[in-house]
Structures are given as structure tokens and as C-alpha cells.
Amino acid sequence: MRTRTFEVLDAAWQLGIRFLDLAPSYGHAEDFLGAWLAAHPTRRAQLTISSKWGYEYVARWKLEARVHERKEHSLAMLDKQWPATQSALGGAPDFYLVHSVTPESPALSDPAVLARLREVADAGTRVGLSTSGPHQADTIRTALTLPSSPFTAVQTTWNILERSAQGSLAVAAENGWMVIVKEAMANGRLAPGGTPEADRLATTGGITSDALAIGAALAQDWAHIVLSGAVTVAQLTSNTQARALHVDPDEFDHLSIPADRYWAERAEREWS
């Protein structure tokens, strides 16, 4: 896995990618990136690195494990993971996000957690949150209205199928937040062969389905960064062919599905 990670990171560098997103719950992601940075010390200044806190990976590399991640948005978890992230990376990341925030998360209401996050922000790391679930828009609206909010960045699931948060994302961008799009390919549903209608639109446009999906996200005025999620050099190379699509939004309207249904179907997908 370390060798594969280095191969993909090297390819990303050669392709001009300078934004890297990770989290301690992504297995050894922080350790692997830290080792890669140590091997290429001159590259760090040109990179923007975003990591997260609030989840621990607990599956021990067993696909059959009943639980793969443990979520905890507590001060204790923050105080445990923040120094570990800095140690693994050889320094602080540029962005530090609360991982998968939902409306009931203590990260939106716990005074101690918010105070510590303000300390992180005051020390020079931009603080934000990632969102998940059918109520992403509510989560973003709550974070935007917090008094003395430490948050100035958000990473949210948005894709051709699930667009429920786009109004809130536009407001966040208008308020100076960095907006990062994750899961633009809908966890494979918008990869080639995943959704026949998306495949048809891609073929009509003379592009691949992954380029269509990522390009649709790049075309959003409020989107500053669109993540790839590629795990091979071939996938990454294909993803980087995406360009902002100049397509009538009506072309995609019939593909959009209700958020509740999207997230229920996502939960039923097999993971590997």
C-alpha cells in the first residue's frame, strides 16, 4: 500500500496536482504522506494539505470487520488526533476539518471543542468541516451562523445525483469559505458503466463518464477544489482529463435524486 501510495502521489505531482486530502481514518494515509514528504522535502511549500479529525480506523485491514471507523467529535479526540497529525506529516496541515459532521454533532455546539478549534485557526491552520448524510445543507447553514465560528472551509458531497447542498455551498463561498467537493463520482456510481444515462451524456460529449462527473462539479461557481479519490495512476490520469463542462444544467436535472434516497442507496453499496 505504501508503494502504491507513493506511485499515485508521484503521478499527481507530475500532473500538476497540488491539493491533497487525507484523514487518520484512511488507514495509514497520514504516515504515508509524511514519509513521501520527507523523501521530497522541497515539495511541501508548493502543496496544500487538508486533513481531518473525528474518526479512527479500527478494522485492522479486515474487509469483513463489522465496524471500520469509529466516530467521536469530542475534545479528547481532537486533542489526541491533532498532535498525531502534525507528527505524522512533519508539521501542521494547511486545513484541518471535522470529519463527517451532521446537524447533531458536538463539533457545532460544544464550547470546549469550538474554543480549541479557534486556537488551531489562530495558530495558522484553516479550520473547517466535512459533511455527510441527507442533511448536509442544514449542517452548513448551522456552521455559517455560529457566533465566533472557527470554520472557514467545508468539504461536502456534491455530484450529478446528489445536489441538495449546493445552495448552502454557494452561500459559504460568498462568505469567503473554501469549498471542496468530495464524491463527485458518487462512490463509483458515475464511473464508466455505473449509470447508463451518465454514460450516454459522456459519449455524446466525447468524454469519459468520470470526466463528465468531475467536470460537472468543476463547472460550479462556488466550487474551489474537486477531489479525485483515485487509487491508481490510471484512474488519476483519467480523472485529470476533466474540464469544467459548458453544459445546460437541464441536461442533468433528470438524474438528480432526493437526498434521503441517495444516502440510503449509498449505504447499501459494497465497499472494498
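Where is the place of A186 in the chain? A186 is in the loop between strand 8 and helix 7, residues 196–205. Keep that residue in mind; I'll come back to A186.

First, a caution. This is a predicted model. Every number I give is computed from it.

Overall picture. The chain has 11 helices and 9 strands. The C-alpha trace spans about 50 × 40 × 40 Å along its principal axes. For 272 residues, a compact globule would have a radius of gyration near 19 Å; this chain has 18 Å, so the two agree. Buried residues account for 48% of the 272. The accessible surface comes to about 13100 Å², and carbon and sulfur atoms hold 52% of that. Now contacts. Take those between residues at least 6 apart in sequence: 75% of them join residues at least 24 apart.

Next, the sheet around strand 7. On one side is strand 6, residues 126–131. Strands 6 and 7 run parallel, joined by 3 bridges. S130 stands opposite Q155 in strand 7. How does the chain get across? The path from strand 6 goes through helix 5, residues 136–144, to strand 7, and this β-α-β crossover is right-handed.

Now strand 8, residues 178–182. Strands 7 and 8 also run parallel, with 5 bridges between them. Q155 turns up here too: Q155 stands opposite I180 in strand 8. The chain crosses from strand 7 through helix 6, residues 166–174, to strand 8, and that β-α-β crossover is right-handed. So much for the pairing.

On to the packing. Nonpolar side chains tend to be buried together in soluble globular proteins. Here the largest nonpolar core has 54 residues. Which members touch the most others? L129 and F151 do. Helix 8, residues 209–218, gives this core its largest share, 6 residues. There is also a second, separate core of 12 residues, including L20, L37, L47 and I49.

Look at F151 in detail. Set aside neighbours within four places in sequence. F151 is then in contact with V98, A107, L108, L114, L117, V127, G128, L129, A143, L146 and W177. L129, the other leading core member, is among those contacts.

Now a loop residue, I17. I17 sits between helix 1 (2–14) and strand 1 (19–21). Buried, or partly exposed? I17 has a relative accessible area of 22%, so I17 counts as partly exposed; the cut-off for buried is under 20%. Beyond four places in sequence, I17 is in contact with A12, L47, L236 and T240. L47 is also listed in the second core. I17 and Q46 are 29 residues apart in sequence, yet 9.9 Å apart in space, C-alpha to C-alpha.

Last topic: backbone angles. Most residues other than glycine have a negative phi. Two residues here have a positive one. W61 has a phi near 65 degrees. W61 lies in the loop between strand 3 (55–57) and strand 4 (69–71). At 44% relative accessibility, W61 is partly exposed.

And back to A186. A186 is not a glycine, but its phi is about 55 degrees, a positive value. How is A186 classed, buried or exposed? A186 has 0% relative accessibility, so A186 counts as buried. W61, by contrast, is partly exposed.

That's my tour. Over to you.

Methods
Residues are numbered from 1 along each chain as its sequence is written. This is a predicted model: local features need pLDDT of at least 70, side-chain atom pairs count only at pLDDT 80 or more; totals for chains, interfaces and linings use all residues. Side-chain values use heavy atoms; hydrogens and water are left out. Two strands pair if DSSP finds at least two bridges between them. Helices (H or I, at least four residues) and strands (E, at least two) are DSSP runs, numbered from the N terminus. A crossover is right-handed if, with the strands pointing away from the viewer, the path from the first strand over the helix to the second runs clockwise. A nonpolar core is a set of buried Ala, Val, Leu, Ile, Met, Phe, Trp, Tyr and Cys residues joined through side-chain atoms within 4.5 Å. Buried means under 20% relative accessible area, exposed over 50%, partly exposed in between (1.4 Å probe, protein chains only). Contact means heavy atoms within 4.5 Å. The radius of gyration is taken over C-alpha atoms; the globule rule is 2.2 Å times the number of residues to the power 0.38. Accessible areas come from the Shrake-Rupley method with a 1.4 Å probe; for residues, only the protein chains shown count as cover.
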